[in-house]
Amino acid sequence: MNATTATDTAAAPDGARPNLHTVLSLRGISKSFGAVAALTDIDLDVSSSEVVAIVGDNGAGKSTLVKVLSGVHAPDSGTIDFGGERVTLPTPMAALERGIATVFQDLALCDNLDVVQNLFLGRERRPFQLDEVGMEVRAWELLRQLSAKIPSVRIPIASLSGGQRQTVAIARSLLGDPKLIILDEPTAALGVAQTAEVLNLVERLRERGHGVILISHNMEDVKAVADRVVVLRLGRNNGEFRVGDVTTEEIISAITGATDNAVSRRRSRGDTASPTTHTITTEDAER
Ligand SMILES: Nc1ncnc2c1ncn2[C@@H]1O[C@H](COP(=O)(O)OP(=O)(O)OP(=O)(O)O)[C@@H](O)[C@H]1O
Ligand SMILES: [Mg+2]
């Protein structure tokens, strides 16, 4: 196979994705809350123009991982490399300034304010003097980049659909031109058409070169839009797949523990002996 360089953005001849540069690289991230080990030894890589879905059962550690990446929780151990540098993310502002933008599930929009006001809330373009025209122009620019279907930027958020609100929240996350955008369950509350709209938007983000982490419970969404799927189970890595190479059943097996990741199992036991295959029983998986 032909070698591709880090700057090569042309389509690879065999249809494989070009070798894009790594934006985020986590190694050995652990986080406990008292006796609860929410994350243990998590590795994760995300490249530019790549959508990585993180899936896992309730309590698997997805939100905790998002919070580590968005500067809400400091990890107990492990390293975070971002944009080629070793970083710490002590506050949400620090994460934002580095170029990590998170759209949390509750979206944090103000219902009574209009689209422009929500987009620029807390970051009006000039201190003490709102540049209304400039903000409105920028709002349209952002929404156009996302091919968003918003009828007017001067209507209150309360009158938008769930999908349109998600769009506004994602547009807002783009204001600081982040390298990485994290979407926590962006389609959880949406109907079919709105889900399709948000998935289109995720594709726009990828086209524009952003790395995207998509937290989702919905395997159809994951299969439709992600390049890779990373499975968390009980706070550990439990499998990683290219979407084109995996069936929904295989992903679900990794989520439920019907197939455990041999590497993480061995690591968790501190087992460095030769790799022997361990057949997992259902009983074992439930543990
Ligand atoms: N602030 C906290 N204090 C104590 N325990 C916590 C805290 N946050 C998370 N946990 C625990 O850490 C584990 C992982 O939780 P997390 O919310 O990351 O899971 P999740 O994968 O996001 O689940 P869900 O799909 O239900 O949102 C759970 O056992 C949870 O109870
Ligand atoms: Mg969660």
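**View 1. Pairing of strand 9 with strand 10 in the predicted model.** Strand 9 and strand 10 are antiparallel partners joined by five bridges. This view, like the others, is taken from a predicted model. R228 lies opposite R242 of strand 10. Two residues separate the strands in this hairpin, where L234 adopts a positive phi near 50 degrees.

View 2. Strand 3 (residues 51-55) and strand 9 (residues 228-233) are parallel, with four bridges between them. V55 is found opposite V231 of strand 9.

View 3. Strand 3 and strand 9, a parallel pair with four bridges, belong to the region shown.

**View 4. Contact between helix 5 and helix 6.** Helix 5 (residues 162-173) packs against helix 6 (residues 192-207) at an angle of about 20 degrees, and the axes are 8 Å apart. Angles under 35 degrees count as roughly parallel, and helix 5 and helix 6 are therefore roughly parallel to each other. The crossing of helix 5 past helix 6 is right-handed. Helix 5 contributes G162, G163, Q166, T167 and I170 to the contact, and helix 6 contributes Q194, E197, V198 and L201. Sorted by class, the residues in this contact of helix 5 with helix 6 are three nonpolar, five polar and one charged.

View 5. Four strands form an open sheet in the order 2-1-4-5, and the pairing is antiparallel. Strand 2 (36-47) and strand 5 (85-87) are at the edges; each has a single partner strand, so one side of each has no neighbour in the sheet. The twist in this sheet averages 25 degrees from one strand to the next. Eight bridges connect strand 1 (residues 22-33) with strand 2 in the antiparallel sense. F33 has V36 of strand 2 as its bridge partner. Helix 1 (residues 62-69) packs on this sheet, in touch with strand 1 and strand 2. The direction of helix 1 makes about 65 degrees with that of strand 2.

**View 6. Strand 4 and its two partners.** Strand 4 (residues 77-82) runs antiparallel to strand 1, and five bridges join the two. L26 is bridged to I80 of strand 4. Strand 4 is also paired with strand 5, in the antiparallel sense and over three bridges. F82 is placed opposite E85 of strand 5. The hairpin formed by strand 4 and strand 5 has two residues between the strands, and G83 takes a positive phi near 55 degrees there.

**View 7. The shell around ligand 1.** Ligand 1 is surrounded by F33, V36, A38, G56, N58, G59, A60, G61, K62, S63 and T64. Strand 2 and helix 1 each provide at least two residues of the shell. Helix 1 gives the largest share, three residues. By class the shell holds four nonpolar, six polar and one charged residues.

Key:
Residues numbered from 1 in each chain as written. Chains lettered and ligands numbered in written order. Predicted model: local features only at pLDDT ≥ 70, side-chain atom pairs only at ≥ 80, totals over all residues. Pairing = 2+ DSSP bridges. Axes fitted to C-alpha atoms, helices over the stretch in contact; angles between N-to-C directions. Contact = placed C-beta atoms within 7 Å. Parallel < 35°, antiparallel > 145°, perpendicular 65-115°, else oblique. Left-handed = near helix turned anticlockwise from the far one by under 90°. Nonpolar A, V, L, I, M, F, W, Y, C, P; charged D, E, K, R; others polar. Near = placed C-beta within 6 Å.
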